[in-house]
Amino acid sequence: MKAIINHQSVNYQVEGESSPPDNRVLLASDIDLTADAAWAAAGYTVADFLPVAEQQLLQAGLAELVREALREVGQPVADDFPVSCYHELIGDDTDQHLAVINITKQYTQDQLPVPVALLEARVGALCGRPVQSLNPYDSARVFHLRIVRPGRSDNNPLHRDVWLPNYANCINIYVPVAGSTPNSSLTLIPGSHWWPENQTERTLRGACYNGAAYNVPGVKGAAEVLQLIRPNPADKEVLLFSPYLLHGGAVNLNPDATRISLEMRFWPA
Ligand SMILES: [Fe+2]
């Protein structure tokens, strides 16, 4: 399947049994946490996030978590190792990369470098209603670090989070930690949170994407060429986006920097 990211053509190889036709708009029967915001139609916004000192504390602490994960898998990195150089250490060692991802794919919120209440307050202010980072389906309070090496297909396929259970009714954040640029940051399709399911074709179960198996189903095709953008939040900013938007597929086109980002979800408080 071909798509366009910021006017650049990319090719996604997505395989898996197709989901049956479905003309529903999933968000129509769920809670839209963007509804009261000026950016409701686009489904995402980029805004200043935490006060400067707290944002720096957050990013430095998350980078340290990546260094700790590297040490756990046998890479004795120094305290000042720049995590954007992750790919120089790991290279194409799939086993070692997966061992790191196994650590960084989920942390409990007591490992967050700043109080979670700070993030909840800012996300709530941007949505215009109170939120909390507590999953009502499984009571989890977690966050994730995404690590996407340049030139490898570490990014997940284009998807909606709500194709998986337990992610309805929430809002997502993406905060840059390292290597997040106009060539590597998260891609999404503005306005697609209101698209009917049959506007795209997707896999029924987890997609096989560029040869790797993912838990999440992935978009296989669309009647029209999909136009993705990278909102690319700056260091002091956050990308806030509806999990009903088609997003992901964010191939890292940086010449020489691994992209690392914080992802976290918030539900109505
Ligand atoms: Fe997602």
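Q: Helices are DSSP runs of H or I with at least four residues, strands are runs of E with at least two, and both are numbered from the N terminus; how many residues does helix α1 have, and how far does α1 reach?
A: This is a predicted model, in which local features need pLDDT of at least 70, side-chain atom pairs count only at pLDDT 80 or more, and totals for chains, interfaces and linings use all residues. Residues are numbered from 1 along each chain as its sequence is written, and side-chain values use heavy atoms, with hydrogens and water left out. Helix α1 covers residues 52–72, which is 21 residues, and reaches 30 Å from its first C-alpha to its last, close to the 30 Å expected at 1.5 Å a residue (the expected span is 1.5 Å times one less than the number of residues).

Q: Which residues of α1 are buried?
A: Taking buried as under 20% relative accessible area, exposed as over 50% and partly exposed as in between (1.4 Å probe, protein chains only), the buried residues of α1 include Leu58, Leu62, Leu65 and Arg67. Just after α1, Gly74 takes a positive phi of about 100°.

Q: Switching to the metal, what are the protein donors of the iron ion?
A: They are His159 (NE2), Asp161 (OD) and His247 (NE2), lying 2.1 to 2.2 Å from the iron ion, where donors are N, O and S atoms within 2.8 Å of the metal (3.2 Å for Na, K and Ca), and sites may look incomplete since water is not among the atoms.

Q: How are those donor residues spaced in sequence?
A: The spacing is H-x1-D-x85-H. Asp161, in the loop between β7 (142–148) and β8 (171–178), and His247, in the loop between β14 (237–241) and β15 (259–268), are 86 residues apart and link distant parts of the chain.

Q: Why does Asp161 count as buried?
A: Asp161 counts as buried because its relative accessibility is 4%, and His247 is likewise buried, with a relative accessible area of 4%.

Q: And how many aromatic pairs does the structure hold?
A: The structure holds three, with rings of Phe, Tyr and Trp (its six-membered ring) pairing if their centres lie within 6.5 Å, and planes under 30 degrees apart counting as stacked, over 60 as edge-to-face and the rest as tilted. Tyr12 and Tyr209 form a tilted pair, at 5.9 Å centre to centre and 55° between the planes, and both of these residues are buried. Tyr107 and Phe143 form a stacked pair, at 5.1 Å and 20°; Tyr107 lies in strand β5 (residues 107–108) and Phe143 in strand β7, so this pair ties together parts that are 36 residues apart in sequence.
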